[in-house]
Amino acid sequence: MNLTPYVDSLRQEFLAAAEAAGEETLQIAERLVPALDSAVRLTLLHALSTAADEISRELAPGSVEVRLRGLDPGFAVTRPSPDAGYAPVDDGGAEQLIGDGDGTTARINFRPPEHLKERIEEAAGREGLSVNAWLVRAVAATLSSGAKRDERKAPSGTRQWNGWVR
C-alpha cells in the first residue's frame with residue numbers, strides 16, 4: 001500500500017491553507033512540511049496496525065499483520081488451514097471478559113520458564129494467533145471459568161452433609 005498519495009494530498013492542503021493566511025505563513029509551512037510528512041506516515045501506520053489487530057481478533061484463528069517494505073506498509077493475511085481441524089471452543093464467556101474494559105490495554109511483564117514459553121508459542125501457532133492474543137484469551141477463559149467455580153462453592157464455614165445414615 002503506497003502512502004505517498006495520502007501524504008502528498010495532506011501536504012498540498014496544508015500548504016494551500018498556509019498560503020491563504022499570507023506569504024510569511026506559507027514560508028513557515030514550507031519549512032514544517034518535511035516533519036509533517038513523517039508524522040502523517042507514522043499516524044497512518046498506527047491506524048493501519050490498530051485496524052489489523054481488530055481484524056485479527058475477529059478473524060481468529062486467522063490473522064492480519066502490517067509489514068513495512070521501505071516506507072510502504074503491506075498486509076500479510078494468515079488464513080486458518082481448512083484441514084487443521086479447528087473447532088470453536090466454549091471459552092465460558094471469555095469474549096465478554098475481553099470486551100468489558102474501555103478498550104485500553106495494559107502491559108504485564110511475563111517471564112515463563114523456557115519449556116512453557118515454547119508450549120505457549122506452539123499453542124498460539126496452532127490457533128493462528130499471536131502469543132499475546134492467545135494469552136489474553138487463555139487468561140480470560142480461565143478467569144471466566146474460575147468465576148463460575150466460585151459461584152458453586154458453599155459459603156466458607158458451612159458444613160453440609162448429604163446421604164443416608166443407619
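The protein chain exposes about 13400 Å², and carbon and sulfur atoms supply 54% of that area; accessible areas here come from the Shrake-Rupley method with a 1.4 Å probe. Keep in mind that this is a predicted model, where local features need pLDDT of at least 70, side-chain atom pairs count only at pLDDT 80 or more, and totals for chains, interfaces and linings use all residues. Residues are numbered from 1 along each chain as its sequence is written, and side-chain values use heavy atoms, with hydrogens and water left out.

What about the inside? Of the 166 residues in the protein chain, 19% are buried, meaning under 20% relative accessible area, while exposed means over 50% (1.4 Å probe, protein chains only).

Now walk along the sequence. You'll pass five helices and two strands, in the pattern α-α-β-β-α-α-α. Helices (H or I, at least four residues) and strands (E, at least two) are DSSP runs, numbered from the N terminus.

Let's stop at helix α4, which covers residues 114–126. Its 13 residues reach 18 Å from the first C-alpha to the last, close to the 18 Å expected at 1.5 Å a residue; that expected span is 1.5 Å times one less than the number of residues. I120, A123 and A124 are buried in α4. Seen down the axis, the buried residues of α4 fall within an arc of 100 degrees, so they line one face of the helix. The arc is taken from the directions from the helix axis to the C-beta atoms. On the face turned away from that buried side, α4 carries the exposed residues H115, R119, G125 and R126. After α4 comes G128, with a positive phi near 70 degrees.
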